[in-house]
Amino acid sequence: MTSIDVHEADGGVVLAPSGRLTVVTAPQLRSAVAERITAGDRIIIVDLSGTDFVDSSGLGALVSCLKSARQAGGDLRIVAPTEQVSMVLKMTNLDRILQPRASVADALRD
Amino acid sequence: MNDPVQRVVIVPATIESIDVVQEEFADWWYEVGEPNVATRFKFETAVVEIATNIVEHTHRAEGSSGRGYSLELVADATTITAVFSDNGKPADIDLSTVTMADVDNESGRGLALAIAALDSLDYRRANGRNIWTLVCKR
């Protein structure tokens with residue numbers, strides 16, 4: 001089962017889903033991000049360094065969260081995707097709108 | 001020549017079944033001993049997409065009706081194959097018309113991703129069952 005670690009950072013909030021982000025767990029990411037936007041966070045960092053696997057449902061959740069963050073005047077940035085995640089981002093062209101940053105610090109700087 | 005490495009998984013058509021499929025896939029893949037991780041990532045991605053498609057189609061068409069599906073995984077010296085079979089209603093799908101969703105869309109990537117990841121994906125209806133055949137060359 002995926003767990004999502006959430007912690008504050010200087011200038012944003014970092015959500016780090018571990019394990020698999022699929023149809024089983026994507027709703028957890030959607031609601032965790034929605035909660036943080038409601039709480040006033042605007043820069044949402046999704047740290048994917050511990051996410052082993054993402055499917056189209058997980059990708060859909062990332063797109064949805066990106067839209068929500070932008071509609072609230074903020075942004076969503078992804079960090080350090082693992083090999084399978086990088087592969088599906090490329091195959092779906094989503095690396096164009098979800099350009100991976102190397103580290104949380106890089107993502108906060110943009 | 002090594003014998004083919006085979007595994008059969010039978011699960012109810014529930015969202016949670018995707019986790020079971022991935023656990024079984026991981027065990028089977030270990031047994032297969034394929035060293036190319038790119039092959040694993042592509043094949044596992046396609047397997048998860050088709051399993052999700054079956055589960056979601058079953059729920060849309062019939063609600064939670066106690067349906068299930070089976071997955072047979074087979075690896076031989078040259079080919080890795082997965083065959084899904086379910087007794088749900090016919091899937092109204094023409095794979096030749098599937099395209100990747102635009103980047104702004106939140107859905108519509110599953111089948112396109114599976115097709116892109118595999119050497120071949122086939123859907124047919126036989127003996128009252130939906131049969132999906134996924135093939136990757138090693």
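In the predicted model, helix H3 of chain A and helix H2 of chain B (residues 37–62) have axes that come within 10 Å and cross at roughly 60°. H3(A) is therefore oblique to H2(B), since an angle counts as roughly perpendicular only from 65 to 115 degrees. The crossing of the two helices, H3(A) and H2(B), is right-handed. On the side of H3(A), the contact is made by A:Glu83, A:Gln84, A:Met87 and A:Val88; on the side of H2(B), B:Val37, B:Phe41 and B:Thr45 take part. Sorted by class, the residues in this contact of H3(A) with H2(B) are four nonpolar, two polar and one charged.

The contact between the chains takes 21 residues from chain A and 19 residues from chain B. On the side of chain A that touches chain B, helix H2 (56–71) and helix H3 (83–91) of chain A each supply at least two residues. The largest share of that side comes from H2(A), with six residues. The side of chain A that touches chain B has nine nonpolar, eight polar and four charged residues.

Chain A also contains a strand pairing. Strand E1 (residues 3–9) and strand E2 (residues 12–21) of chain A pair in the antiparallel sense, over seven bridges. Within this pairing of E1(A) and E2(A), A:Asp5 stands opposite A:Ala16 in E2(A). The hairpin of E1(A) and E2(A) has two residues between the strands, and in this hairpin A:Gly11 takes a positive phi near 100°.

Technical notes. Residues numbered from 1 in each chain as written. Chains lettered and ligands numbered in written order. Predicted model: local features only at pLDDT ≥ 70, side-chain atom pairs only at ≥ 80, totals over all residues. Contact = placed C-beta atoms within 7 Å. Helix = DSSP H or I, 4+ residues; strand = E, 2+ residues; numbered from the N terminus. Nonpolar A, V, L, I, M, F, W, Y, C, P; charged D, E, K, R; others polar. Axes fitted to C-alpha atoms, helices over the stretch in contact; angles between N-to-C directions. Parallel < 35°, antiparallel > 145°, perpendicular 65-115°, else oblique. Left-handed = near helix turned anticlockwise from the far one by under 90°. Pairing = 2+ DSSP bridges.
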